[in-house]
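Please look through the structure below before reading on.

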Amino acid sequence: PLQLDSSGKLLVNCTGCSAGSTVGLVPQTSGGLNLSHTVLAASTNATSLKASAGQVYEACLNSNAAYPIYLKLYNKASAPTVGTDTPVKIIEAQAGVPACMRTEEGFTFGTGIAWAATKGITDADATAVLISDGTVEIASK
């Protein structure tokens, strides 16, 4: 819970501050999100991004293809067996159009974070994409 004053302003404990002081974020060089960038190969690109529990804050699929591409996210500690493992989220990018999902809270993956990219939307589809037909960008923790 947050503590607010009578006008709805956030109360903070600020040592050495005066009533007119302002509070801001301090940039850090560590502790932020892990960024991943992959140019798609001619495969399903089955990838283990994190082999332990984590959170995904943003996942973007940038399509350079003449067909839809499907980014499949798996709650798995190893690379998925595409067509057999069941994705927990699918992001669709239409031909030439990027698609993203974002959250400030993070999507929780209790086992691990894995992904793959296919030409088909069904969970069981394992149709490989073509080389350089897209990129996958993931921000996770």
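Four strands make up an open sheet, in the order β2-β7-β4-β5, and their pairing is antiparallel. β2 (47–50) and β5 (89–93) are at the edges; each has a single partner strand, so one side of each is left without a neighbour in the sheet. On average, neighbouring strands of this sheet are turned by 25° against each other, direction ignored. The model is a predicted one.

Strand β4 (residues 69–75) is joined to β5 by 5 bridges, and the two run antiparallel. Y70 has E92, in β5, as its bridge partner.

Next comes the disulfide. The count is 1 disulfide, and it is formed by C60 and C100, whose sulfur atoms are 2.0 Å apart. C60 belongs to strand β3 (residues 54–63) and C100 to strand β6 (residues 99–109), so the pair ties together parts that are 40 residues apart in sequence. Which hand does the disulfide have? The torsion about the S-S bond of C60 and C100 is about 115°, so the disulfide is right-handed. C60 counts as buried because its relative accessibility is 5%, under the cut-off of 20%. C100, with a relative accessible area of 36%, is partly exposed.

Definitions and conventions
Residues are numbered from 1 along each chain as its sequence is written. This is a predicted model: local features need pLDDT of at least 70, side-chain atom pairs count only at pLDDT 80 or more; totals for chains, interfaces and linings use all residues. Side-chain values use heavy atoms; hydrogens and water are left out. Two strands pair if DSSP finds at least two bridges between them. Axes are lines fitted to C-alpha atoms, for helices over the stretch in contact, and angles run from 0 to 180 degrees between N-to-C directions. A disulfide is a pair of cysteine sulfur atoms within 2.5 Å. Buried means under 20% relative accessible area, exposed over 50%, partly exposed in between (1.4 Å probe, protein chains only).
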